[in-house]
Amino acid sequence: MSELLLSPEHRYAKLINEKLNEDGSELSILNLGPTHPATHGIFQNILLMDGERILEAEPTIGYIHRAFEKIAENRPFYQITPLTDRMNYCSSPINNMGWWMTLEKLLDIEVPKRAQYLRVIVMELARITDHLICNSILGVDTGAYTGFLYVFQFREKVYEIYEEICGARLTTNMGRIGGFERDWSPEAFRLLDVFLEEFPIAWKEFENLFERNRIFIDRTVDVGAITAEQAMAYGFTGPNLRAAGVDYDVRVAQPYSSYEDFDFIVPVGKSGDTYDRFCVRNAEVWESISIIKQALEKMPAGNEYHAEVPDYYLPPKEDVYHNMESLIYHFKIVMGEVPVPVAEIYHPVEGGNGELGFYLVTDGSRTPYRLHFRRPCFIYYQAYPEMIKGALLSDAIVILSSLNVIAGELDA
Amino acid sequence: MAIENTAIQNKLVETFGDNVFNFQVEKDIFSFEINADKNTAIILFLKNNEDLRFHFLTDLCGIHYPDNNDDHQFAVVYHLHNWYDNKRIKIKAFLNETPKIKTISNIFLSSNWMERETWDFYGIDFTGHPQLKRILNMDEMISHPMRKEFPMEDSGRTDKDDRFFGRTSINS
């Protein structure tokens, strides 16, 4: 059978023959994906299996590659945010804010404190939804659907907050150079208060459901463990790295958007297995809630929500109709005729899955000369074949979902 | 305890002489250029030297400069990070029109896919790479689409005027 599927020079063919000659047992090949309900995304892995154990895996990626870097080279700067939305679509505000901060670093724009705090709030909300999805889906993959359905309604509540801030829910395209496109409405703050009241109760219950659950522990402890050295060699960042015991967090190492004003701990695990990854994400959700509360408390008075940068920030629409200067700025910004220095910059932010970096090269024109996204998923997914070697097929599913590989970020 | 830029520069110049040059601080990142054929030695030195300890490869990508002179047509950019002292550096190696550079996948495991991506999009050949094949594009593709001469859309299209969407010969 195998010769029908495999060319004889394929490395699996050689392994199958060796095994056959050794003890007469037959290895099998299993095609997991590209579309499979359990992988939550488009991932293909060709597995070489001995019974139910995985011996080798060969991942293929790129099924939803959309050439964002090429498109970005042909779009003015403000048209690139919608592209960043679609990378890690579970936490698009982090991507959006990361992109604006890259531009602000390029243009030396100082964002007012209040706008920075608002950004912190929305980025932490995004982190909560990201971790919420990852952990509840991990529950689904181990057989517990209830937790997922229960906490998923809170993602909906966060989306209602996004909607109030920017009008969109999933692909947010939120913010502008220098701050936000409009001030947050009182309704947004009200929804945020309700969320902060209700969500911690639900999250505590969710945690109780899993943390000491016998079945969950049996399925996750020592599954897909990775050592700190290996994790660093494979370029892990974010919760997956911290689960292995390395306390690297961009928010602490290179604070952006006033993260240095807030008091939070960086949770770390020990063994780097699926259970630790689950616990680190759980703990990070609690830290995010605490950061949001601190930000609301320390929020400067007033209603400043953007920097005074008329060269880059669109004037209010009513001024455009009645004021010559505003009309000129509006026209120049929309046509992309804004002054841009020639520079090369790299700006990292702590995304839901790790260090999300923007490497931007400009040549003074209205589009980037080169824009490269450092996508954490793309870099750590290459460790996946190594992590599932020797594991059961059902463990491979659990490991994949605990790594939180988002297809949009993987392929860009 | 942070390492000073000058300390890094002195150490590199001491060991590699003319192969490292053009040191500068760009915004918040210390960067320099290297001779492409010395890339593995320099990166290995940066990783293993006990004062420098650039043990983490943050990013690796390519750039195409069609307007540069013949031996500066492509560049490979490495971003390294030292977590002990929280120091980032950027290294650039320029290549000629048949770009070829040694792989660093034996120094940093994580560079494996990043080099494949760079090969896929720019056609930069990483010699010694264990599995240099396309990663995001389909295997049958013959071009390297991030090169500047590769058009983003079908050039026969008349319903879109590229002047309104970005770079033109007048604007760039």
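Visitor: In strand 5 of chain A, which residue is the bridge partner of A:Ile345?
Guide: Welcome! We are looking at a predicted model. Strand 4 and strand 5 of chain A run antiparallel and are joined by eight bridges. One of the pairings to look for takes A:Ile345 to its partner in strand 5 of chain A, and that partner is A:Leu360.

Visitor: Which strands of the open sheet in chain A stand at the edges?
Guide: Start with the order of the three strands, which is 4-5-6 with antiparallel pairing.

Visitor: Which helix lies across strand 4 and strand 5 of chain A?
Guide: Look for a helix that runs at about 150° to strand 4 of chain A. Its residues are 92-107, and a loop links it to helix 6 (113-141). The one you want is helix 5 of chain A.

Visitor: Is A:Asp108 buried or exposed?
Guide: Find A:Asp108 in the loop between helix 5 and helix 6 of chain A. Its phi is positive, about 55°, although it is not a glycine. A:Asp108 has 9 inside 10 Å, so it counts as exposed.

Visitor: And how does A:Asn173 count, with 19 C-beta neighbours inside 10 Å?
Guide: A:Asn173 sits in the loop between helix 7 (145-166) and helix 8 (186-211) of chain A. This residue, too, is no glycine and has a positive phi, near 45°. To be buried takes 20 or more such neighbours. Because A:Asn173 has 19, it counts as partly exposed.

Visitor: Let's move to chain B. How many residues of strand 5 of chain B are buried?
Guide: Chain B has three helices and seven strands, and 38% of its 172 residues count as buried. Strand 5 of chain B, residues 87-95, is mostly covered. Of its nine residues, the number buried is seven.

Visitor: Which strand pairs with strand 5 of chain B in the parallel sense?
Guide: Strand 4 (residues 74-82) of chain B pairs with strand 5 in the antiparallel sense over nine bridges, and there B:Ala75 stands opposite B:Phe94. The parallel pairing has five bridges, and B:Phe32 with its partner B:Ile91 shows where to look. The parallel partner is strand 2 of chain B.

Visitor: Which residue takes a positive phi in the hairpin of strand 4 and strand 5 of chain B?
Guide: This hairpin has four residues between the strands. The positive phi is near 55°, and the residue that takes it is B:Asn86.

Visitor: Which element of chain B gives the most to the side that touches chain A?
Guide: The contact takes 31 residues from chain B and 35 residues from chain A. On the side of chain B, two elements give two or more residues: strand 3 (56-64) and helix 3 (111-122). With six residues, the one that gives the most is strand 3 of chain B.

Visitor: How many residues on that side of chain B are nonpolar?
Guide: The side of chain B that touches chain A includes ten polar and five charged residues. The nonpolar ones number 16.

Methods:
Residues numbered from 1 in each chain as written. Chains lettered and ligands numbered in written order. Predicted model: local features only at pLDDT ≥ 70, side-chain atom pairs only at ≥ 80, totals over all residues. Contact = placed C-beta atoms within 7 Å. Nonpolar A, V, L, I, M, F, W, Y, C, P; charged D, E, K, R; others polar. Buried ≥ 20, exposed ≤ 12 C-beta atoms within 10 Å, placed from the backbone. Pairing = 2+ DSSP bridges. Axes fitted to C-alpha atoms, helices over the stretch in contact; angles between N-to-C directions.
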